[in-house]
Amino acid sequence: MSDVEHTADAWTRGGEASNSAARPVVRSSTGVVERTELPFPLYRGGKVREVYDLGRRLLIVASDRISAFDVVLPQPIPRKGEVLTQLTAWWLSQLEDLVDHHLVAVDPDRIVTLEPRLRVSREVWTRRAMLVQRTEPIPIECVVRGYISGSAWREYRERGTLAGEPLPPGLIESQRLEPAIFSPATKAVDGHDENIAFVDVARRVGAELAERLRTVSLALYERGAGIAQTRGIVVADTKFEFGQTRDGRLLLIDEVLTPDSSRFWPADLYEPGRAQPSFDKQPVRDYLDGLRDWDKRPPSPPLPPEVVAATSSRYLEIFRRLTGTPLDDFRAPEAGGAA
Ligand SMILES: Nc1ncnc2c1ncn2[C@@H]1O[C@H](COP(=O)(O)OP(=O)(O)OP(=O)(O)O)[C@@H](O)[C@H]1O
Ligand SMILES: [Mg+2]
């Protein structure tokens, strides 16, 4: 159990009433956080994030956990949660003319002003949390693929299709798809994503909303991938999520164009015809692939410190390349989306 977990436990037990003199010492904002346990109902706990239910708002806290081959690894990656959160905030500022979004605040001062009950746990979530407007999520993973890889490559190789639609013959692995393709998925019962055809999206959410999801997702991808390309990062594919407000507005929700929701490739190493190295997870994959006796089922073996350090550097490098600012110097612009 990490220090922060102890701390969070103390808050969970003491709640708001714990007096500040008795407050346990926590690591700084750059400390490693494996898991948070804030004294609020858990709206959702995923592989990497805890989402707390604050009523009409949610607090999305990105931990430093990392998963590879769909397994959460035993060591957290320093700075990873902070990168995911700050990067999402930065991307939203680049994209907010295309669609409204859920971000209310990411600046810790602003978060505690809006939600004073978060003040006492501030050290745990600072820089890794987003305060967002709660929506009714649309149960479609809006995947956009600009390159053919992963499950899309497998589908194409087996059936010549992507998301059920035929693609031209003769494509090679990792080839660019022009234009990019909307390739939606749903979460199957086992938690894995299952690719579905566009007609199935229309059947589930109605033709009009399905069309809107496709148009907006493609526009977001085009803008994001274009920006990333000029900074040496190929966004091979990415997943957007959307939700609806009570008054029927469509909002972009969840994390946006992060390494966890996207495939990032280093542009200078891109070479179609083979699988590409992952910008963020390659050190971890190489290490785990090199182990003879791990069958890729949990629990995963521990990572050596140099693999953890190399991976942390990858996340910081992605952040610096994309935003042009080192993470330590970065302050997200004030959210202009949902109030
Ligand atoms: N503004 C929002 N309103 C409502 N739900 C939201 C909002 N933003 C994000 N969510 C939801 O919060 C959840 C976050 O879950 P998270 O991604 O951490 O885990 P998961 O998707 O269940 O599993 P995995 O770890 O495999 O991603 C998602 O279901 C997402 O749809
Ligand atoms: Mg998720």
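1. Ile 138 lies in the loop that joins strand 8 (136-137) to strand 9 (142-147); helices (H or I, at least four residues) and strands (E, at least two) are DSSP runs, numbered from the N terminus. The model is predicted: local features need pLDDT of at least 70, side-chain atom pairs count only at pLDDT 80 or more, and totals for chains, interfaces and linings use all residues. Residues are numbered from 1 along each chain as its sequence is written, while chains are lettered from A and ligands numbered from 1 in the order in which they are written.

2. Ile 138 is buried, because 20 other C-beta atoms lie within 10 Å. A residue counts as buried if 20 or more other C-beta atoms lie within 10 Å of its own, as exposed if 12 or fewer do, and as partly exposed in between, with C-beta atoms placed from the backbone. Beyond its neighbours within four places in sequence, Ile 138 is in contact with Val 205, Phe 242, Gly 243 and Gln 244; contact requires C-beta atoms, placed from the backbone, within 7 Å. Leu 213 is 75 residues from Ile 138 along the chain, yet their C-alpha atoms are separated by 9.8 Å.

3. The protein chain has nine helices and 17 strands. Of its 339 residues, 41% are buried. Among contacts with a separation of 6 or more, 68% link residues 24 or more positions apart.

4. Helix 9 (residues 305-323) has 19 residues and spans 27 Å from its first C-alpha to its last, close to the expected 27 Å, which is 1.5 Å times one less than the number of residues. Its buried residues are Val 308, Thr 311, Ser 312, Arg 314, Tyr 315, Ile 318, Phe 319, Leu 322 and Thr 323. They lie on the same side of helix 9 because they cover an arc of only 145° around the axis, taken from the directions from the helix axis to the C-beta atoms.

5. The buried residues of helix 9 pack against helix 2 (80-95), helix 7 (207-230), strand 15, strand 17 (262-266) and helix 8 (282-289). Exposed residues Pro 305 and Glu 306 are on the face turned away from the buried side of helix 9. Just after helix 9, Gly 324 has a positive phi of about 80°.

6. Around ligand 1 there are 17 residues, of which Gly 46, Lys 47, Arg 49, His 102 and Ile 253 come nearest; a residue is near if its C-beta atom, placed from the backbone, lies within 6 Å of the molecule. Strand 2 (49-53), strand 7 (129-133) and strand 15 (233-244) each supply at least two residues of this shell.

Key
Two residues are in contact if their C-beta atoms, placed from the backbone, lie within 7 Å.
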